[in-house]
Amino acid sequence: MSRDDLLAELRAVEARLRSGEVQAAFQERPAGERRRLVTARAELSLLVARLTTAELESVAAKLDELDKELRTGIAGVNGRLARIDRPAAALNVLARLLGVLARVVVLAG
Amino acid sequence: MLPPTHRSPWPAAVIVVVAALATPACTSSAPYRRLAEAGAAYAGAVGSLSTAAATLAVDGSSARLLQDDALANVDLQTLRRFDEEDSHRLAVLARLATHARLMRRYFSLVGDLAAGRAGRTTATALGRLAAALDTAGEALRRTGAGAGVAAAVGPVQTGAGFYGRCLARKELTARAGTLRRELATQTDVLAALEQSMRRDAELLAAVRRQWLVVDPLLAEAPVADPERWMADRRALLDAAPALDELAAAARAAASLATALETLAGGRLDLARLDEVVTDVEAIGAALDAAGLRREGQP
């Protein structure tokens with residue numbers, strides 16, 4: 001997976017997390033879960049934005065190193081989003097993906 | 001040996017001068033004017049694109065914050081982190097815009113040369129601009145994969161009128177390597193920019209659609225302003241396919257670079273210039289359809 005492909009997939013994950021479907025599903029959830037989603041989603045948006053800016057500066061050189069791990073993370077989030085009836089499980093997978101992404105951003109920056 | 005009646009009445013030196021002036025490079029300045037116009041139009045489009053990308057990036061962040069706030073109150077620290085990220089992006093885009101402005105000014109001056117409107121001040125300005133372009137391009141390349149190569153060419157000595165027109169070719173040929181390298185850098189940046197703009201625009205459109213179209217329609221009360229609701233829905237649907245045309249920017253940069261390459265090879269490829277103009281028009285149409293072109297922008 002190229003750097004561009006990876007960023008495109010992360011953007012797709014963010015787009016799904018910010019879709020009307022996810023927004024509506026969480027509107028009915030307890031305040032604690034809504035808070036967790038908002039925190040994690042904002043974190044993902046900021047990380048993707050940082051990677052995008054880094055790409056514009058063409059410095060995200062070591063992205064490939066965590067390629068496989070990220071692939072797994074993305075697949076996990078997408079799988080959970082496909083079964084939005086379990087929002088809490090989706091949040092757990094998202095939290096794991098964010099952990100990997102945070103390391104990517106450190107390397108890219 | 002020719003008989004005396006067949007000897008040319010012109011001295012040999014005059015024949016050489018006339019032959020030199022009659023070379024294809026100097027017989028018509030029209031192709032170089034077209035190249036200069038295409039270059040200026042391209043650079044203008046890149047400038048507009050940079051501005052639009054900045055608008056999209058900031059508005060996209062705002063939409064995300066508002067979307068999050070609708071689910072759980074966003075705190076000040078999160079807002080500040082988005083502010084910081086946007087400021088960083090704006091700084092990168094400002095560098096691209098500066099580069100585009102310099103390039104536009106450069107091609108405008110080459111157009112002056114080709115049209116015979118130039119004097120010595122234009123030549124000096126061209127030399128300074130080419131050096132500034134190289135510096136700005138270096139700033140873009142510095143962190144990137146492309147290696148920076150210093151290539152500022154000294155100012156071209158010029159006169160006016162016919163001789164000045166001939167110098168448009170000389171100037172472009174001398175600077176072709178520098179310009180091609182700048183365009184190669186821009187091709188990469190523009191391809192990345194297109195992706196980020198598309199992402200921001202799509203997210204923004206999705207959030208706007210939710211606010212302006214879905215929520216009012218699904219609410220129990222009838223839509224308060226049906227005309228406005230219809231216009232919003234139409235505008236959002238119209239904007240979506242226009243985003244595909246943002247890819248025209250990277251194509252235009254590549255076509256312009258190829259045209260300059262053919263110039264260096266001694267034969268300017270006018271078809272490439274037509275492609276540049278077509279792509280520049282596509283960029284303008286896309287920005288218009290997405291409501292992202294500011295008044296007065298090319």
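**View 1. Chain A and its helices.** Chain A of this predicted model contains five helices and zero strands, and read along the sequence it follows the pattern α-α-α-α-α. Of the 109 residues in the chain, 38% count as buried. Among the contacts in chain A that join residues at least 6 apart in sequence, 77% link residues at least 24 apart.

**View 2. Confidence along chain A.** The mean pLDDT of chain A is 73, with 60% of its residues reaching 70 or more. Confidence is highest in H3(A), at a mean of 89, and lowest in helix H4 of chain A (residues 67–82), where the mean is 56. Over residues 59–67 of chain A the pLDDT falls below 50, although this stretch has 20 contacts in the model beyond near neighbours in sequence. Where pLDDT is low, the predicted coordinates should not be read in detail.

**View 3. The side of chain A that touches chain B.** Here 27 residues of chain A are in contact with 27 residues of chain B. On the chain A side, the elements that give two or more residues are helix H1 (3–17), helix H2 (20–27) and helix H3 (31–56) of chain A, and the largest share, 15 residues, comes from H3(A). The residues on this side of chain A divide into 11 nonpolar, eight polar and eight charged.

**View 4. Helices H3 and H4 of chain B.** The axes of helix H3 (residues 30–71) and helix H4 (residues 76–114) of chain B come within 7 Å and cross at roughly 170°; H3(B) and H4(B) are therefore roughly antiparallel to each other. The residues of the contact between H3(B) and H4(B) comprise 21 nonpolar, eight polar and six charged.

**View 5. The largest nonpolar core and another core apart from it.** The largest nonpolar core has 64 residues, and those with the most contacts inside it are Tyr42(B), Ala249(B) and Leu256(B). The elements that give two or more residues to this core are H3, H4, helix H6 (161–218), helix H8 (248–264) and helix H9 (270–289) of chain B, with H3(B) giving the largest share, 17 residues. When its neighbours within four places in sequence are left aside, Ala249(B) is in contact with Ala45(B), Val46(B), Leu49(B), Leu190(B), Glu194(B) and Ile283(B).

Terms used
Residues numbered from 1 in each chain as written. Chains lettered and ligands numbered in written order. Predicted model: local features only at pLDDT ≥ 70, side-chain atom pairs only at ≥ 80, totals over all residues. Contact = placed C-beta atoms within 7 Å. Helix = DSSP H or I, 4+ residues; strand = E, 2+ residues; numbered from the N terminus. Nonpolar A, V, L, I, M, F, W, Y, C, P; charged D, E, K, R; others polar. Axes fitted to C-alpha atoms, helices over the stretch in contact; angles between N-to-C directions. Parallel < 35°, antiparallel > 145°, perpendicular 65-115°, else oblique. Buried ≥ 20, exposed ≤ 12 C-beta atoms within 10 Å, placed from the backbone. pLDDT = per-residue confidence, 0-100. Core = buried A, V, L, I, M, F, W, Y, C linked by C-beta atoms within 7 Å.
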